[in-house]
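Me: I have a model open and want to learn how to read its features. Take me through them one at a time.

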2 protein chains.
Amino acid sequence: MKYSCSVFISAAVICCNLCFAQSGQSMAPVEDFKPATTNQPGRLFPQVNSERRVRASLAAPQANSVQLDLGGKKYALTKNEKGIWTGESLPQDEGFHYYQLLIDGAAVPDPGSLYFYGAGRLGSGIEIPATDRDFYSLKAVPHGMITENIYFSKLTNSWRRCFVYTPPGYTNDQKRRYPVLYLQHGSFEDETGWAMQGKANLILDNLIADKKAVEMIIVMDNGYAYKPQTGMQQDNNARSVSVFEEVMINEIIPMTDLKFRTIADREHRAIAGLSMGANQTMRIMMNNLDKFAYVAGFSGTSNYPGTDTLNPETFLDGKFKDGASVNKKIKVLWLSLGTKEPAPFPGSVGAFRAMLDRQKIKYAYAESPETGHEWLSWRRGLYGFAPLIFKN
Amino acid sequence: MKYSCSVFISAAVICCNLCFAQSGQSMAPVEDFKPATTNQPGRLFPQVNSERRVRASLAAPQANSVQLDLGGKKYALTKNEKGIWTGESLPQDEGFHYYQLLIDGAAVPDPGSLYFYGAGRLGSGIEIPATDRDFYSLKAVPHGMITENIYFSKLTNSWRRCFVYTPPGYTNDQKRRYPVLYLQHGSFEDETGWAMQGKANLILDNLIADKKAVEMIIVMDNGYAYKPQTGMQQDNNARSVSVFEEVMINEIIPMTDLKFRTIADREHRAIAGLSMGANQTMRIMMNNLDKFAYVAGFSGTSNYPGTDTLNPETFLDGKFKDGASVNKKIKVLWLSLGTKEPAPFPGSVGAFRAMLDRQKIKYAYAESPETGHEWLSWRRGLYGFAPLIFKN
């Protein structure tokens, strides 16, 4: 079964400006710049225009050079007589991008932006309004809440944290119980990603208001979890051993079932993740089919970074060998990808899909038009997946 | 009645280093620097040593000048052959301080620190471990949770947000109801302050574990709230009219009573705030004695910035005129102040206390040793006040 993806059809692509501008960088930008929605309150810069260019501006009177470092390119800013440096980027993809400023070689956050955890640091991010931004916008609908839950993990011998979305109805009826989606971030990101730049709460609030998705709890934890190192391991500089699967199964899920009003069975439990989180998610799913009935991988599959043909007899210990049995267990298997994602993602996801097809394993697949390995692909992935789960 | 303040006694003051160092800046710092607890995960700088000096470090190969801007002073960093700038501050007060880096005149956040909202921006902060830090430390005790609550305010015609602390027991018994403390930030801060740099959750977790405070809900909202401006007001550049009191009484409290399991009467409701929040809190209290039974002002009173003798016949419309009646209504009135706070705070709080004394109005007063108009004073204020409320 393939699901139709009305989700992504609404993201009509206006790529003319983009293609044109990239071959003509010297053209003056259209002067309709507005402060980015990701700015700190009251800050005028950075700004975005209708061509999706970013204009950065910074006071640095004694600097020799200021650059905007965005989307893998560095754009030189120029100084005016007041010591204010200003400059524009080429048109960017729709969606959310991490960026930074370079002041005489120092890489620093832009003092005008809000800060987001990604690329291994808390730093600047900018939102380029997407054509289909309505689905993740703050609207006059009932809103759920996000709760920070700090807990001590015995498996890692450390304090950990997750964020838990509870749907709008959660506070109304103190007896009602809800299904749970466990939702994971990607590499060099953390448990704040889905709640901050992922806008998972607003996506669900809007889907629930439109009666497209059922009310559910979403648990967003940190995908990095390691066994405490012994003295000898530390001496030998040994690689840390990931125990995220154990933490998920033995700590996060029981804790969630204890602290929140969940329906604690496999039919009411889903797991999804992006990139590294997709890889983790798929392994956890296949190793724990008694725990989850729904799974999604946004921009990732568990054969990453491989792109070779997969042998279901051996891949993931033969977990996909019996396609009919997998179809009986997994109620929804969702995969999605941005059309501009770099290698190895298309090849990797492609090889995984080919294996599913050969095994006659049912899955949904959707492409996010004109987005790369970035958050708009993943927001659209969640928007497509969430309506399919916990429906029966 | 004056309460004894064992709270602050534990904060033994080690000021010898401080006084000595301030008259001898050129002395080499003690080389026991450690990464600050307010750093981003894995970041080595900034660091703090046993003298409470801050060492900042930044790669800026082409810069002409890099400075650490902390505690009202700018400290020059010096460059090594690899283009890394490093330097130290004078010894700082214990507690939490906002700071920034200056790179060739550009004021930017330190890429090594976490970011906190204060001084009108989201920027760097650093924690100088306090002698009595145990009371706000993350310990192996049951932890409450902090929930982000987004809501639409009709009075301001805008989306607003509050953070709500629910105590450790809140998730265990779905029927139990709790008293509520409304807790406000200061000027140029926002609703994140008490939950982030204020550590209100950890302070309460620890007090509750020690059976010093009862389990309570804490609501931390934004103290800035203005009437929507009409076209004419905008044209005339008129001053915005604060409606925070109306928002508190008509929107925040009813919403909290709806969404959380509160005990919705005055005997189970307290209000407290710091600086601007103390000023607001005291006015709201005196105008709404039917709504609250407990009140605290940390580093602030409602005569701010005045230091003149207060006439209870006219001050706040004569609300303190009948001292006996005030004593009947207010079960705890708490005031506190750091011993190093600048004018007009000591004079202002002093004039207010003198008025209370003349009116024979009972109150608790505590001083936070060796702290200024900063977060350690306010954490200690909360730690002193919370055990006194909702006890009967």
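Me: How much area is buried between chain A and chain B?
Reply: Buried area is the accessible area (1.4 Å probe) that two parts lose on being put together, summed over both. Between chain A and chain B that comes to about 3,400 Å², with 60% given by carbon and sulfur atoms. A caution on the source: this is a predicted model, where local features need pLDDT of at least 70 and side-chain atom pairs count only at pLDDT 80 or more, while totals for chains, interfaces and linings use all residues; side-chain values use heavy atoms, with hydrogens and water left out. Residues are numbered from 1 along each chain as its sequence is written, and chains are lettered from A and ligands numbered from 1 in the order in which they are written.

Me: How many salt bridges does the rule find across the interface?
Reply: A salt bridge is a side-chain nitrogen of Lys or Arg within 4 Å of a carboxyl oxygen of Asp or Glu. Across the interface of chain A and chain B, the count is zero.

Me: What rotation superposes chain A on chain B?
Reply: Copies are superposed by least squares on the C-alpha atoms of residues with pLDDT of at least 70 in both. Here the rotation is 180°, with 0.0 Å of shift along its axis and an RMSD of 0.0 Å. That is the relation of a two-fold axis. Thr147(A) is the residue of chain A that comes closest to the rotation axis, at 2.0 Å (C-alpha). The same surface serves both copies: 100% of the contact residues of chain A recur in chain B.

Me: In which sense do strand 12 of chain A and strand 12 of chain B pair, parallel or antiparallel?
Reply: Strands of a sheet pair through backbone hydrogen bonds. Two strands pair if DSSP finds at least two bridges between them. These two pair in the antiparallel sense, over three bridges. Thr147(A) has Thr147(B) as its bridge partner.

How values were computed
Contact = heavy atoms within 4.5 Å. Helix = DSSP H or I, 4+ residues; strand = E, 2+ residues; numbered from the N terminus.
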